[in-house]
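I opened the model to look at how the chain is divided. I also wanted a look at one hairpin.

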Amino acid sequence: MERAVAEKEIRSLAKYKKIAIATHSRADVDGLSAAYALTKVYPNSVICSSEEPGEGAKMLAARLGIKVEDISNLKKSDFDGLVVVDTSAYTLLPEAKGWKILMIIDHHRAEGRDMQSDIQIVDVESPSTAEIIANILPEMDRETAFALSVGIIADGARFKSARTQTFETLAKLMTIANANYSELLAIAEPDPKDEAKIAILTAMKRLNFIYIGGYVVATTEVGSNESDAASLIAEAADVVFVAKWKDREKETRISARARASVKIPLNEVMDEVAKELGGAGGGHKKAAGAALKCHTDEALKTCIDIFSKKV
Ligand SMILES: [Mn+2]
């Protein structure tokens with residue numbers, strides 16, 4: 001979508017009296033910063049999500065005084081509808097079911113995308129939702145520029161998926177925010193809590209790896225922090241699948257990561273694994289995930305099988 005058209009679409013929703021702006025459950029800084037930028041366009045709006053926000057999102061919210069409501073506590077009839085940012089899959093925000101979705105702004109790939117809206121601003125080439133919004137709405141205040149800077153730094157996996165525009169956009173935002181990189185990085189990549197450190201080290205202790213078609217592929221299991229563990233292990237292995245059993249949902253969550261040179265798109269692997277085992281999978285080529293209706297052993301075995309087939 002052309003920039004001017006996208007801006008018109010975003011601004012067209014300002015006619016509504018009250019909008020809820022939702023990001024995926026366990027909000028991250030990309031989703032939160034995108035939602036926050038939109039509150040400046042829709043002054044009478046509320047930001048919402050589900051489950052506890054990530055550490056960086058909590059820090060950003062505290063710094064800018066952003067309030068994040070639990071979407072389950074909102075009364076649908078009080079709102080004209082929902083704007084969804086940084087996801088377009090009900091798996092990542094099941095509580096959005098039953099809401100009228102006025103607009104979706106997202107950078108995730110099509111697999112698993114099952115939310116529908118008349119206005120969909122989706123750029124799968126963008127490393128972050130923050131970058132999409134920063135380019136559509138370049139006029140912004142200092143706080144918004146600060147938030148979007150953090151979103152861009154946090155979601156880009158240390159600029160591994162950055163394009164020229166990412167750096168240009170970030171430089172402009174940092175100038176408006178009058179912020180330095182270390183200050184932004186402290187929120188984009190907060191120091192892990194002890195329980196996260198222990199979860200990651202446990203993931204490493206339980207790690208198995210095999211050689212598949214020239215790639216070192218690792219698998220492991222954790223009780224929490226699966227995506228942090230996956231990101232770190234992918235610094236050493238070529239590909240990693242980290243499993244976590246969710247007792248409440250009776251399902252296994254997989255967090256998958258690959259280094260830049262890996263040719264097999266993990267979002268496709270996750271999608272096929274989900275089709276075989278039941279559940280949903282998708283994400284990006286180098287960072288993907290799935291929620292699967294089976295136990296962790298079977299989930300990891302199927303990840304390896306499907307990956308092997310694709311090599
Ligand atoms: Mn994102």
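My entries on domains, an annotated region and a hairpin follow.

**Ground rules.** I number residues from 1 along each chain as its sequence is written. The model is predicted, so I take local features only at pLDDT of at least 70 and side-chain atom pairs only at pLDDT 80 or more, while totals for chains, interfaces and linings use all residues.

**Domains.** I looked up the division first. The chain splits into domain 1 (3-188) and domain 2 (194-310); the bounds come from an automatic or database domain assignment. I find their C-alpha centres 26 Å apart. Nine residues of domain 1 and 11 residues of domain 2 make the contact (C-beta atoms, placed from the backbone, within 7 Å). On the domain 1 side I note two nonpolar, four polar and three charged residues. Here Ala, Val, Leu, Ile, Met, Phe, Trp, Tyr, Cys and Pro count as nonpolar, Asp, Glu, Lys and Arg as charged, and the others, Gly among them, as polar.

**Annotated region.** UniProt, in an unreviewed entry, puts "domain: DDH" at residues 18-138. Such annotations may be inferred rather than shown by experiment. I read 24% helix and 23% strand over residues 18-138, with the end C-alpha atoms 24 Å apart. Helices (H or I, at least four residues) and strands (E, at least two) are DSSP runs, numbered from the N terminus.

I then turned to β7 (residues 208-212). β7 pairs with β8 (residues 215-222) in the antiparallel sense, over five bridges (pairing needs at least two DSSP bridges). Asparagine 208 has threonine 219 in β8 as its bridge partner. Two residues sit between the strands, and glycine 213 takes a positive phi near 50°. How many of the five residues of β7 are buried? I count zero (buried means 20 or more other C-beta atoms within 10 Å of the residue's own, exposed 12 or fewer, partly exposed in between; C-beta atoms are placed from the backbone).

Note on methods:
Two residues are in contact if their C-beta atoms, placed from the backbone, lie within 7 Å.
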